[in-house]
Amino acid sequence: MLFNDLRPSRPRLAALLMLGTALGGGSPALAQQPATPPVATFQESAPPVAAAPLPGSGVVRSIRVEGSQRLEPDTIRSYVELRAGQPYTRETLDEALRDLFETELFADVEIRDNLGDLTIVVTENPVINRVLLEGNSALDSEDITPEIRLAPRQIFTRSRARADVARILELYRRRGRFAATIEPQMVRLDQNRVDIVFVINEGPSSSVRQINVIGNEVFSDGDLRAEMATKQSRFFRFFSSSDTYDPDRLAFDQQRLRQFYLTEGYVDFRVVSAVAELTPDRRDFIITYVVEEGERYKFAEIELDSDLRDFQPQQFETMIPIQSGEWYNAQEIENTIDRLTETAGLLGYAFAEVRPEFTRNAEERTMSVRFRIEEAPRVYIERIDINGNTVTRDKVIRREFRVQEGDAFNTFLVRRSRDRIQSLGYFQDELEIEQQPGSGPDRVILVTNLEERATGQIQVSAGFSSLERFLVSLSVEQRNFLGRGQQLRAGFNYSSYSRSVELGFTEPYLFDRNIALGVDVFRRDYNSFNFLGDERNTTYQQVTTGFQVRAGVPLTEFTSLALRYGLSQDDVTLDENQFFFDTDGDGLAECDPILAGRYLCDALGQRITSSVGYSLVYNTLDNGFRPTRGLRAIFSQDIAGLGGETRYVRSRIDADRYWNLGSGFIFGLSAEAGYIWSFENREGFGVDDVRLTDRFFLGEPQIRGFDIRGVGPRVRRTPFIAGTNELNPDPSFVTDDALGGRAYYLGRAELEIPLGAGGRELGFRPSIFMDIGAVFGLADPALTSFDCVDANGNPAPGGETAPSCPEGFFPGPEVRPIRDADGNPQYIVPGEQGGDGLSPNPLNPDGTPRQLFAQTIPPFLEEFVGDTPAPRITIGAGVSWNSPFGPFRVDLAFPLLTQEGDDEKFFTFNVGTQF
């Protein structure tokens, strides 16, 4: 394809610049080479030897230059070996032309000879104005542009254009697009400037249609495919790029196959050939491996030798897990080398080398291994270099190091330093502290190369359920305020059940000492409610206002003590229009146990809670935000009663353990439990000594698959069908109120599942989980019951109450007379024109009885359910996504084991953004 030229071509061009793309043949290629990739080529005429007939020889009298614009004539003359006064021939003129073309500065060159007066006529290559890309969608322009060497204000050359086309094609080939073509075009502008446009036809993605293995007898094709990074194209791999062809991945898969066989004892295994064939339609590849498995070997004698002064072999032989007679396993060899190297580092030998020496017995098919630790000097830390921290101050990082300059090298302390820096959450996930040789053989330099990440976070969370409908919260947090490592946060929450505002500040190193100090100020408005049909019914409101002061000090490297003091005021109220009733007509309405429930009436009032608490923390996690290994255990107690009206001791224990299973799988176990003892002696039948607002509650988000406060003791109200002993079967008419409990336990098992390169690039992290838990231990509350009556309203002779009504009797409604200011019941006085009045007189003037003006409450059955330590179990799956909008989490949970009264919830999600 010719470069497009917007101006007429010159009639005489020594060379015509042509760019094009040519596709190679479709024959199969061996040893990881597929069909020849398309390569852009220039088709150009050979440089002319002269524009006019030249004499066979002569003497140069003068050399003139014509046509130059940017280059000085002397500069152009310096590119050739012709000089005035020197003889010349046709061959020397040809050489001069070649020299000028090789500079790649000219589009056309000719030499004119007038009896020794030579004229060099040049057409300079244009200057690039812009370099543009068209047609690319699978690859962003930001990914392609760094591979292009042509740039604005540079002189255009054919070789650079060809090289740029080849590099762009290589990018597409790495993405599995072997049918991609690139057509470079030139748009001429004034002043000998041009725009270069690479027109890209990406073509379809080339997938791996099939993977064949020939020569395997011990392991099936499926077993071997499972070990490969390259996968066969299937519909469910739409989030993965593992099924696209990549020659580098093909080479990697050969290493994976060899490692797999070496871990199974086949020391002679080899890949004879790996062939990638492009299908005739150039859309897919078929990969075929030819392998030789060889014989299987066992370990024979295992020995350990050491040239280190402090490393006696007999003391460390137990660190070698390999036993004679076991099948040979190359991975165990690597693990042993790592253990021995790490142990040598603990003794201060940073550069100790462990070399395995193998002795093979082919007849008995055994392998003896001698681990030899070569002599090395004890190493001291010369310097600690920190690079890449543009926001975070040096001292914030250095105070996390467990070693200092001049200390003896220790691999454990260096690794611990890395974990502590990683747990700050300010830097990249896979942070490493490199060990570089110092100024002498006994000196080492620790180099920490950092990539800072966003430490501010704006979190927006949302959820939906059949009970709570919609909820949303907003929080702003900066974990590295001004680069000092301080934490500043503000949170606002609004939902169908709560509203809250919280402010907090934490200084992790008070006065540059390892003492953390923080303060929180908060106001929380909580509305407890239930639903009657589709109508939300608020039960009680709790408003909590207060503050907390926190302090923390380390006890050991892995153990710390946290202290706190909190002061808060709780105000629990009920809707007076709905749950209060003036029983004696004095104008002072009181909480009605039938309307609200005795358990809610007992919780009303204001009280102040003054409490102190502590937490003992043991933490060996490698990362505080996204751990992959380690243990965290916390025991905490809060004691209320230093002033105020509330007196209790609340104890909790919490433990989390993580294992890195390899290949990206992370398994985590969590367990926690708690109990609260009350020092109060609250009087009244069915009144628990622990107040409603101080109890433990369980549900989402602690245990997925249940709603907020959806697990544990609750009072359920089911209405009777009027005039019968039967309960209304419609669940939309059933209400329940969570009461919480004195004790709870909660467990969780979760497995994070790795995705392919495509999924990782998109930031997806799926997981499967199982949650188990319960809350219980509450005194049975006093429940409301309705008297049994007959059709005329007469009570049952035995005084029975629902639901144990005898035949002919059913639960009667509760009738509440409305009284006047003197406490007298009010009766309805019929008006002459439809306007009724009220009177304390029960009789009309004619002696007929008047209708009582009263509030009638239909009968219902009140039950206490859910107070059991029996476990609730849910399973589910979720996925976290680092989306362009911020972290996003979706969970689907399905209850396997529930108890009577539990409220289920199947779907939750939340989304946030970082800054």
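Start by selecting strand β33, residues 714-719, together with β34: four bridges join these two strands, which run antiparallel. The model on screen is a predicted one. Within this pair, pick Arg 717 and then Thr 735, its bridge partner in β34.

The three strands make an open sheet in the order β34-β33-β44, with antiparallel pairing. β34 (735-738) and β44 (860-865) are the edge strands; each has a single partner, so one side of each lacks a neighbour in the sheet. From one strand to the next, the twist averages 15°.

**A second open sheet**

Next select β41, β40 and β42, an open sheet of three strands in the order β41-β40-β42, where the pairing is antiparallel. Here the edges are β41 (837-839) and β42 (851-852), each with a single partner strand, so one side of each is left without a neighbour in the sheet. Strand β40 (residues 827-829) is joined to β41 by three bridges, and the two run antiparallel.

**A nonpolar surface patch**

Colour strand β46 (residues 886-897) separately: with four residues, β46 gives the most to the patch. Then pick Phe 907, which lies in strand β47 (residues 907-914). Phe 907 is partly exposed, at a relative accessible area of 33%; patch residues must have over 30%, so Phe 907 passes that cut-off.

**Salt bridges**

Side chains of opposite charge can pair when their charged atoms come close. Counting nitrogens of Lys or Arg within 4 Å of a carboxyl oxygen of Asp or Glu, the model has 59 salt bridges. The stops below cover some of them.

Begin with Asp 74 and Arg 77, whose side chains meet in a salt bridge at 2.4 Å, N to O. Both belong to helix α1 (residues 73-78), and because they are three residues apart there, about one helical turn separates them. Asp 74 counts as exposed, at 55% relative accessibility, while Arg 77 is partly exposed, at 25%.

Move to Arg 365 and Glu 295, a salt bridge in which the closest N and O atoms are 3.8 Å apart. This pair links distant parts of the chain, 70 residues apart: Arg 365 is in the loop between β15 (354-361) and β16 (366-373), and Glu 295 is in the loop between β13 (284-292) and β14 (298-306). Arg 365 is partly exposed at 38% relative accessibility, and Glu 295 is partly exposed at 45%.

Now select Arg 416 and Glu 557, which form a salt bridge with 2.8 Å between the closest N and O atoms. Arg 416 sits in helix α10 (residues 411-423) and Glu 557 in the loop between β25 (535-554) and β26 (559-574), so the pair ties together parts that are 141 residues apart in sequence. Is Arg 416 buried or exposed? At 9% relative accessibility, Arg 416 counts as buried.

For the last stop, show the side chains of Glu 303, Asp 305, Asp 307, Arg 370 and Arg 372, which are linked in a network of salt bridges.

Methods:
Residues numbered from 1 in each chain as written. Predicted model: local features only at pLDDT ≥ 70, side-chain atom pairs only at ≥ 80, totals over all residues. Heavy atoms only, no water. Buried < 20%, exposed > 50% of the residue type's maximum accessible area, 1.4 Å probe, protein only. Pairing = 2+ DSSP bridges. Axes fitted to C-alpha atoms, helices over the stretch in contact; angles between N-to-C directions.
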